[in-house]
Amino acid sequence: MGTHTSIDERYEFSGKIRTWSLIAIVIGVVGVAYGFLAGGDSVQRTFSNLLLMSYYFACVCTAAVFFLAYQYVAQAGWSASILRVPQAIAKVLPIAAVILIIVAAAGLFTTHKVINEEGHEEVMPYLYGHWAAHGLTDPKSEHYDALIAGKSAFLNVPFFFIVIVGLTFLYSLFGHLLVKYSTNEDELGGMFNYNKSFKMSCIFLVIFGFTFPIFAFDAVMSLEAHWFSTMFGWYNLAAMHVSGLAVITLIVLYLRNKGYMQWVTENHLHDLGKLMFAFSIFWTYVWFSQFFLIWYANMPEETVYFYKRWEPEYKWWFWLNIVLNFLAPLLLLMSRDAKRLGGRLKLTAIVILIGHWLDFYLMVMPGTIHRHPGHEVHIWDMYGIQEIFIAVGFVGLLTFFTFNSLSKFKSLLPKKHPFIEESLHHHI
């Protein structure tokens, strides 16, 4: 293993990681093809998994833009030397956005027949059938649903796509600008581009804070449109952010292990560990608030969401979600020294990413998978080729496009960042 200590070092995307990322993408394509060709309930599972992973993919890329923005607004010095990693992830957001839009559109406009709770056959979209099925907002229809009709100003196809397309475009634009200003800064020096980054970050955080809950409502919460939670947007924000932090940490550790970014020390790792630890706790706080307050505020009509997740096929995974996303980060990263160990951080980041895959699984699947009455559920009905292969495929996509973007930078170090010296000599 060679080392690359020059401030002008460039990353070369080649070797095993390139090969394995391409293999992973092929595995994902095979999983999608298998799901659609198998027919029957397998098609629904495939659509559900595509939505799960495309949403997860978009969230991780959005988290990178969010990370960049609050680092600039906080005028943080410690992170200046690792900014190329979130910048590379942010550059992938337009690709993630297009995939999410295609999946949502395909699931919304492709229909199938399902048996409803009354035993009647209905024609519904594979995704968002709770509000997009025919006749739900028509008082003359036998399928009329007064609750859905009351939400129809928000839950309609044009507005749905305005939100999904508009917000992902907006987040991508801010990500593009922050990367552009940083690369311009390396060419020109001075404070001009840094000041523009600061201003754009301030604007982005205001817009993002108000709009991301709406994005989460549209993309995921509307899968079960009868249910509503004012905590859901912040719950998704916490999951999105800690997942993005885990990806950033893994990439930094990988590059450091391969001889790049040797300026990254245990002090930088400590700060990344603190962020992962803190926002795992915040995720737990929001999760518990959403779960507990429904009982505490005596809202029985809202318990239907959690009642589904306490069915035998989901209940064990419901509690495992807490173990992976709260207890594991808490115990692995509680001590100061633990946050400074590369191996411990790597393990924690992997656990967090698996944990939040399960977290998003529990958000998506109970609202999209329609079990036949009396059908005995086996483990392979929940976790099989589609779940594993599609998840692997999206990991390949994120890896390939992120490292390809990273290789386009002229230097892995934003050498003319005004706080770069503070970062290179960071010590806590």
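User: What makes the contact between Lys-410 and Glu-187 a salt bridge?
Analyst: The rule asks for a Lys or Arg side-chain nitrogen within 4 Å of a carboxyl oxygen of Asp or Glu. In this predicted model, the N to O distance for Lys-410 and Glu-187 is 3.2 Å. That value is within the cut-off, so the pair counts as a salt bridge. Lys-410 sits in the loop between helix H14 and helix H15, and Glu-187 in helix H7, so the pair ties together parts 223 residues apart in sequence.

User: Is Glu-187 buried, exposed or partly exposed?
Analyst: Partly exposed, with a relative accessible area of 48%. Buried needs under 20% and exposed needs over 50%, so 48% falls in between.

User: What makes the pair Glu-266 and Arg-340 a salt bridge?
Analyst: The closest N and O atoms are 3.2 Å apart. The limit is 4 Å, so the pair qualifies. Glu-266 lies in helix H10 and Arg-340 in the loop between H12 and H13, so parts 74 residues apart in sequence are tied together.

User: Is Arg-340 buried or exposed?
Analyst: Buried. Its relative accessible area is 11%, and buried means under 20%, so the term applies. Glu-266 has 42%, so Glu-266 counts as partly exposed.

User: How do you know that the span of helix H8 agrees with its length?
Analyst: H8 has 28 residues. At 1.5 Å a residue, they should span 40 Å. The end C-alpha atoms are 37 Å apart, which agrees. H8 also has a kink of about 35 degrees at Gly-209, shortly before Pro-213.

User: What volume does the largest cavity have, and which helix gives the largest share of its lining?
Analyst: The volume is about 80 Å³. H13 gives the largest share, three residues. The lining divides into seven nonpolar, two polar and two charged residues.

Conventions:
Residues are numbered from 1 along each chain as its sequence is written. This is a predicted model: local features need pLDDT of at least 70, side-chain atom pairs count only at pLDDT 80 or more; totals for chains, interfaces and linings use all residues. Side-chain values use heavy atoms; hydrogens and water are left out. Helices (H or I, at least four residues) and strands (E, at least two) are DSSP runs, numbered from the N terminus. The expected span of a helix is 1.5 Å times one less than its number of residues. The bend at a residue is the angle between axes fitted to the seven residues ending there and the seven starting there. On a 1 Å grid over the protein atoms alone, a cavity is a set of points where a 1.4 Å probe fits but cannot get out, and a pocket is an open set with protein on both sides within 12 Å along at least five of seven lines; lining residues have an atom within 4 Å of a point. Grid points are joined across faces, edges and corners, and a volume is the space filled by probe spheres set on the points. Ala, Val, Leu, Ile, Met, Phe, Trp, Tyr, Cys and Pro count as nonpolar, Asp, Glu, Lys and Arg as charged, and the others, Gly among them, as polar. Buried means under 20% relative accessible area, exposed over 50%, partly exposed in between (1.4 Å probe, protein chains only).
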